[in-house]
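Welcome, and thanks for taking a look at this one with me. Below are some notes to read alongside the model.

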Amino acid sequence: MKNNFVIVDNGHGRETAGKRSPDGRLREWEWTRLMAREIRQRLLLRDVACALLVPEDYDIPLRERCRRANAIATSRRAVLLSVHVNAAGNGEKWKDARGFSAYVAPNASVSSERLARLLYAESIRAGFGGNRALPSEGFWRGNFAICRDTCCPAVLSECLFMDNHADLSLLLSEPGFDAIAGFHVEALLKYFNMAA
């Protein structure tokens with residue numbers, strides 16, 4: 001279904017301070033780029049058009065990322081997925097928080113909310129529910145520019161906690177990486193009503 005289009009934004013760049021596990025084994029900018037490419041490849045195999053918003057390794061300002069997303073989205077039935085890895089602290093100490101979270105802007109569209117619910121439902125199905133109480137809507141609201149200032153449905157995906165030992169092990173394992181990519185793709189396919 002080539003009329004469906006996914007814009008994948010991989011969070012942060014090489015120069016972003018912090019954004020790493022306490023032991024330094026995971027750096028968010030590297031992991032999210034690998035995940036974004038994997039999601040894109042899987043979507044293309046399912047005949048869903050997809051673009052990487054930030055192919056560069058270095059930081060691209062949020063204003064430019066939003067401009068790029070809006071330029072792509074104005075001519076297509078596009079959705080934006082911004083892929084991140086969560087942290088409960090500042091990257092120096094291990095914490096207890098675990099699990100997947102989906103965020104939408106305070107002014108989110110019904111479509112953004114629907115995609116966020118689907119992402120969370122698929123994360124639960126894949127075993128990534130975590131240990132935090134979820135808001136009744138099934139997603140979190142955050143004033144993130146990449147969701148707030150883009151003209152298409154947009155969700156920010158926080159893929160587990162890099163400062164939790166168990167979540168970090170999942171993030172760095174092949175089965176964990178595969179499952180995280182898989183539930184993102186499944187949620188997007190369901191959003192476009194293409195799931196098998």
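**Notes for a first look**

1. Let's begin with Gly18, which is in the loop between strand S1 (4-10) and H1. Gly18 has a relative accessibility of 41%, so it counts as partly exposed. Ten residues along the chain from Gly18 is Glu28, and the C-alpha atoms of the two are separated by 8.9 Å. Please keep in mind throughout that this is a predicted model.

2. Next, the helices. Helix H1 (residues 28-45) and H6 have axes that come within 9 Å and cross at roughly 50°. An angle under 35 degrees would count as roughly parallel and one of 65 to 115 as roughly perpendicular, so H1 and H6 are oblique to each other. The crossing of these two helices, H1 and H6, is right-handed.

3. Which residues meet where H1 and H6 come together? On the H1 side they are Trp31, Leu34, Met35, Glu38, Ile39, Arg42 and Leu43. Facing them from H6 are Phe177, Asp178, Ile180, Ala181, Gly182, His184, Val185 and Leu188.

4. Now to the aromatic rings, where the structure holds six aromatic pairs. One of them joins Phe100 and Phe183, with 5.0 Å from centre to centre and 85° between the planes, an edge-to-face arrangement. Phe100 belongs to the loop between strand S3 (77-86) and strand S4 (101-104), while Phe183 belongs to helix H6 (residues 174-191), so this pair ties together parts that are 83 residues apart in sequence. Are these two residues buried or exposed? Both Phe100 and Phe183 are buried.

5. Phe100 and Phe183 also belong to a cluster: ring pairs link them with Phe128.

6. Tyr191, at 6% relative accessibility, counts as buried. Phe192 counts as buried too, at 4% relative accessibility.

7. Arg14 places its charged end over the ring of Trp29, 5.7 Å from the ring's centre. Over the face of Phe5 lies Arg76, at 4.4 Å from the ring centre.

8. A further arginine to look up is Arg68, placed in helix H2 (residues 62-73). Its relative accessibility is 18%, and since buried means under 20%, Arg68 counts as buried. Leaving aside residues up to four places away in sequence, Arg68 touches Leu53, Val54, Pro55, Glu56 and Ile60.

9. Lastly, a word on the backbone. Most residues other than glycine have a negative phi. Against that background, Asp47 has a positive phi, near 70°, and is not a glycine. Where is Asp47 found? Its place is the loop between H1 and strand S2 (49-52), and with a relative accessible area of 35% Asp47 is partly exposed.

10. Leu160 is another non-glycine residue with a positive phi, of about 70°. Leu160 lies in strand S6 (residues 154-161). With a relative accessible area of 1%, Leu160 is buried, whereas Asp47 is partly exposed. Both residues deserve a look when you go through the model.

Definitions and conventions:
Residues are numbered from 1 along each chain as its sequence is written. This is a predicted model: local features need pLDDT of at least 70, side-chain atom pairs count only at pLDDT 80 or more; totals for chains, interfaces and linings use all residues. Side-chain values use heavy atoms; hydrogens and water are left out. Rings of Phe, Tyr and Trp (its six-membered ring) pair if their centres lie within 6.5 Å; planes under 30 degrees apart count as stacked, over 60 as edge-to-face and the rest as tilted. Helices (H or I, at least four residues) and strands (E, at least two) are DSSP runs, numbered from the N terminus. Buried means under 20% relative accessible area, exposed over 50%, partly exposed in between (1.4 Å probe, protein chains only). A charge sits over a ring if NZ of Lys or CZ of Arg is within 6 Å of the ring centre and within 35 degrees of the ring normal. Axes are lines fitted to C-alpha atoms, for helices over the stretch in contact, and angles run from 0 to 180 degrees between N-to-C directions. Angles under 35 degrees count as roughly parallel, over 145 as roughly antiparallel, 65 to 115 as roughly perpendicular and the rest as oblique. A crossing is left-handed if the near helix is turned anticlockwise from the far one by less than a right angle, and right-handed if clockwise. Contact means heavy atoms within 4.5 Å.
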